[in-house]
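Please look through the model shown below and follow the report with the structure at hand.

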2 protein chains.
Amino acid sequence: MSEAASRPWITERRRPRVVIIGGGFGGLYAARALKRADVDLTVIDRTNHHLFQPLLYQVATATLAATDITAPIRWLLRHQGNATVLMAEVQRVVPERRVVVVEGAREIPYDYLVVAAGTRHSYFNHPEWETIAPGLKSITDAIRLRQRILSAFERAEQEDDAKERAAWLTFVIVGGGPTGTELAGMLPTIAMHTLPREFRRIAHETARVVLLEGGPRVLPSYPEPLSEHARRDLINLGVEVRTDALVTLVDRGVVQIGGSETIRSNTVIWAAGNAASPLGKSLGAPLDRVGRVLVEPDLSTPGHPEVFVIGDMASISTKGKPVPGVAPAAMQMGARAAHNIKRDLEQRPRVPFIYRNKGDLATIGRHRAIADFGRVQLSGFVAWYFWLFVHILYLAGFRNRLSVLIEWAYSYFTYERGARLIATTEQVGGSSPSTQGS
Amino acid sequence: MSEAASRPWITERRRPRVVIIGGGFGGLYAARALKRADVDLTVIDRTNHHLFQPLLYQVATATLAATDITAPIRWLLRHQGNATVLMAEVQRVVPERRVVVVEGAREIPYDYLVVAAGTRHSYFNHPEWETIAPGLKSITDAIRLRQRILSAFERAEQEDDAKERAAWLTFVIVGGGPTGTELAGMLPTIAMHTLPREFRRIAHETARVVLLEGGPRVLPSYPEPLSEHARRDLINLGVEVRTDALVTLVDRGVVQIGGSETIRSNTVIWAAGNAASPLGKSLGAPLDRVGRVLVEPDLSTPGHPEVFVIGDMASISTKGKPVPGVAPAAMQMGARAAHNIKRDLEQRPRVPFIYRNKGDLATIGRHRAIADFGRVQLSGFVAWYFWLFVHILYLAGFRNRLSVLIEWAYSYFTYERGARLIATTEQVGGSSPSTQGS
């Protein structure tokens with residue numbers, strides 16, 4: 001009785017308790033795959049919402065509202081009677097005792113655990129760069145980034161010094177992966193088309209968007225011809241694409257490349273590195289270089305078959321290729337981990353995970369995209385329509401689909417941005433205006 | 001030259017300089033009425049956006065997105081060539097020297113000044129109540145309030161102590177004016193219909209919504225029969241309406257009424273008092289009890305005919321009745337102040353301001369509203385449709401109209417709330433979960 005009261009989310013003690021950490025693509029698909037399983041399921045997330053991460057950059061660039069790409073995890077699982085949702089920060093896992101420890105030293109016991117806590121930004125041993133060059137992982141990150149970008153124009157408008165004004169109008173994106181490339185593709189439209197019309201002192205020629213990639217090409221995970229296509233698209237949009245450009249210093253108002261060249265910019269965006277959630281460490285499992293857990297073929301951890309690690313936190317190769325840290329892979333892993341739990345309960349042998357790549361997509365600005373389906377590769381207009389179609393299809397699980405379509409149609413035809421709200425109290429640059437509401 | 005450089009927003013020194021403080025309804029309508037005037041216009045606001053304040057409570061109750069009811073002031077004035085928009089916090093006005101001082105000790109000179117800085121919350125000499133019982137004026141307030149309301153349910157779900165759980169499920173609104181009444185009308189739908197379905201431990205009977213009004217009736221500015229109608233509507237929705245209930249203490253987890261009775265609640269919302277912006281003081285003009293400037297019949301300040309005060313900051317009676325602090329009054333004052341500036345420039349005499357009340361509207365929950373058009377009074381379904389029509393009409397100046405309609409239709413037919421995002425880092429109650437993105 002007293003034990004039940006201290007672990008209220010476990011209503012029926014005889015049923016196996018499955019705990020899922022993280023309500024992202026991996027965790028959500030694991031939970032859904034357990035819909036008809038005779039288990040007590042608890043999904044823990046530090047936020048109340050599932051985030052449609054592939055469109056996060058559209059919130060950062062003021063095209064979509066934050067509420068367009070988020071949905072309460074509770075709401076997504078509302079028809080799933082065996083699921084309980086807990087909004088709490090997980091502090092660590094104690095695999096020996098089979099408990100998850102959340103804030104307030106509260107312990108949640110499990111029979112099966114699925115860890116899907118994702119990644120965080122990595123600043124290559126320069127954590128001090130984070131305040132100057134924020135990254136883009138959460139909806140809060142996106143709202144802050146939107147505020148920084150919009151405020152930069154407000155500051156430029158008020159700045160008398162030409163050099164300082166140029167620094168406010170220079171946007172540097174560090175990292176040429178999908179996030180960096182998609183952000184870089186959106187910024188020219190805002191910086192050169194949408195906003196300058198409404199300002200009195202900003203001439204559109206003065207806005208600069210610089211994409212810095214440490215390796216030899218952007219979108220390094222794509223085939224080379226598509227990388228080259230994306231590079232040309234970006235350049236046509238007005239982006240300065242710099243490859244083999246290793247960032248050696250980020251400081252207030254300045255980015256240094258290769259130890260010598262500096263770019264003056266008050267808006268530096270970090271899209272360069274990821275490190276797996278530190279939760280991986282507490283599992284006691286072997287980790288790879290970026291902190292991901294080296295999982296078994298069935299996605300469980302060595303020595304703890306009841307603990308699964310999925311999504312961006314898992315390091316695994318299938319068919320001889322490393323599984324990439326993308327949403328479809330996380331979804332597939334979530335479903336497979338859930339499947340293996342069900343097979344355990346039915347006393348059938350587990351099956352290994354095999355990643356099925358249905359294709360990679362990236363969009364670059366207005367009506368340009370690239371798509372890689374292995375044998376077939378698309379670029380340009382056709383790929384862009386395909387990108388649109390796929391994203392609307394996946395958003396279908398959300399009820400936000402229609403409003404997203406409207407926002408897109410609106411900004412496509414008018415070049416306007418519908419979500420240009422500055423509404424946090426964060427400081428931008430030096431002595432900043434208070435941007436709290438009027 | 002050097003002078004022009006230090007006041008860059010004034011491009012042509014020979015034209016009269018009109019400065020408007022505040023981009024709300026008053027300031028925006030003043031700016032628009034000066035569209036064809038041969039003046040240099042500067043609109044200063046501490047935020048980047050105009051806020052459609054009458055729908056603010058819908059953001060707080062997770063029905064509309066923050067971006068649905070905000071639009072950049074810059075964007076709203078984009079076709080107005082004589083207007084410059086400045087995002088900055090005004091510190092004071094120096095009427096003797098005809099300058100507005102903004103942050104950074106920057107001075108903006110004017111020939112005409114229109115002050116439309118609105119009101120802030122007033123806690124009746126208890127500023128310490130503000131952190132516990134936040135108010136609802138800005139979009140940031142609304143986002144925070146949404147977070148508090150949604151988090152209260154998350155906390156209740158995790159709480160083992162029955163009394164503490166009840167405190168998380170008790171929502172107290174202080175103040176029975178339009179904001180308090182409209183908030184109170186929305187909360188039961190969320191607290192008793194939308195959310196409990198998705199929680200496992202919250203029975204819908206346990207949620208309480210309490211509306212505390214210090215005077216004898218809710219909506220005191222409306223005719224008595226409509227007040228009574230609103231009271232009955234609220235009671236039917238499940239709201240506990242308490243009139244003659246003067247709040248004597250607000251502390252963590254508790255509200256005290258009349259010096260003795262206490263209500264345990266972890267979510268107290270302040271909708272009780274307004275005080276005019278402190279900018280009124282720096283004008284050196286006579287003020288009323290709540291800090292509003294006693295303006296002349298032409299809306300200028302005594303002794304300074306070049307300074308106008310409009311909207312909620314102005315205290316004026318027309319046709320023997322005090323002008324209420326509502327959006328239509330602010331719009332009309334803005335237009336009239338602008339008109340009087342134009343008449344000055346044409347060397348024609350000024351005309352006094354006369355408020356034309358086109359009717360008062362308030363909505364109470366789903367398909368109930370009251371409307372007062374003087375001789376005609378409506379209530380119930382018809383009034384609610386009218387409310388819907390008028391608000392969509394006024395939002396027409398925004399491009400947000402369509403997405404608002406969709407959100408409304410969606411939440412009306414499904415009882416769902418489309419904008420249930422917790423995305424700030426603010427603390428709620430005691431030891432709070434970090435609600436930053438995943």
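## A residue in chain B

In this predicted model, B:Asp372 belongs to strand 26 of chain B, which covers residues 369–373. Is B:Asp372 buried or exposed? Its relative accessible area is 10%, and because buried means under 20%, B:Asp372 counts as buried.

Leaving aside residues up to four places away in sequence, B:Asp372 is in contact with B:Tyr222, B:Pro223, B:Leu226, B:Gly359, B:Asp360 and B:Gln377.

## A sheet of 6 strands in chain A

Strands of a sheet pair through backbone hydrogen bonds, and they may do so in a parallel or an antiparallel way. In chain A, 6 strands make up an open sheet with mixed pairing, and their order is 5-2-1-9-21-20. Strand 5 (83–87) and strand 20 (300–301) of chain A each have a single partner strand, so these two stand at the edges and one side of each has no neighbour in the sheet.

Within this order, strand 1 (residues 17–21) of chain A pairs with strand 9 (residues 112–115) of chain A in the parallel sense, over 4 bridges, and A:Ile21 is found opposite A:Val115 of strand 9 of chain A. Helix 2 of chain A, residues 25–33, packs on the sheet and touches strand 1, strand 2 (40–45) and strand 9 of chain A, with its direction at about 155 degrees to that of strand 1 of chain A.

## A sheet of 3 strands in chain A

Another open sheet of chain A has 3 strands in the order 6-7-8, with antiparallel pairing. Which strands stand at the edges here? They are strand 6 (90–94) and strand 8 (106–109) of chain A, each with a single partner strand, so that one side of each is left without a neighbour in the sheet. From one strand to the next, the twist averages 25 degrees.

Strand 6 of chain A and strand 7 (residues 99–102) of chain A run antiparallel and are joined by 4 bridges, with A:Val90 opposite A:Val102 in strand 7 of chain A.

## Two packed helices in chain B

Helix 2 (residues 25–33) and helix 10 (residues 327–345) of chain B pack at an angle of about 35 degrees, and their axes are 7 Å apart. The crossing of helix 2 of chain B with helix 10 of chain B is right-handed.

Among the residues that meet are B:Phe25 and B:Tyr29 of helix 2 of chain B, and B:Met331 and B:Lys342 of helix 10 of chain B. Sorted by class, this contact between helix 2 and helix 10 of chain B has 9 nonpolar, 2 polar and 1 charged residues.

Key: Residues numbered from 1 in each chain as written. Chains lettered and ligands numbered in written order. Predicted model: local features only at pLDDT ≥ 70, side-chain atom pairs only at ≥ 80, totals over all residues. Heavy atoms only, no water. Buried < 20%, exposed > 50% of the residue type's maximum accessible area, 1.4 Å probe, protein only. Contact = heavy atoms within 4.5 Å. Pairing = 2+ DSSP bridges. Axes fitted to C-alpha atoms, helices over the stretch in contact; angles between N-to-C directions. Left-handed = near helix turned anticlockwise from the far one by under 90°. Nonpolar A, V, L, I, M, F, W, Y, C, P; charged D, E, K, R; others polar.
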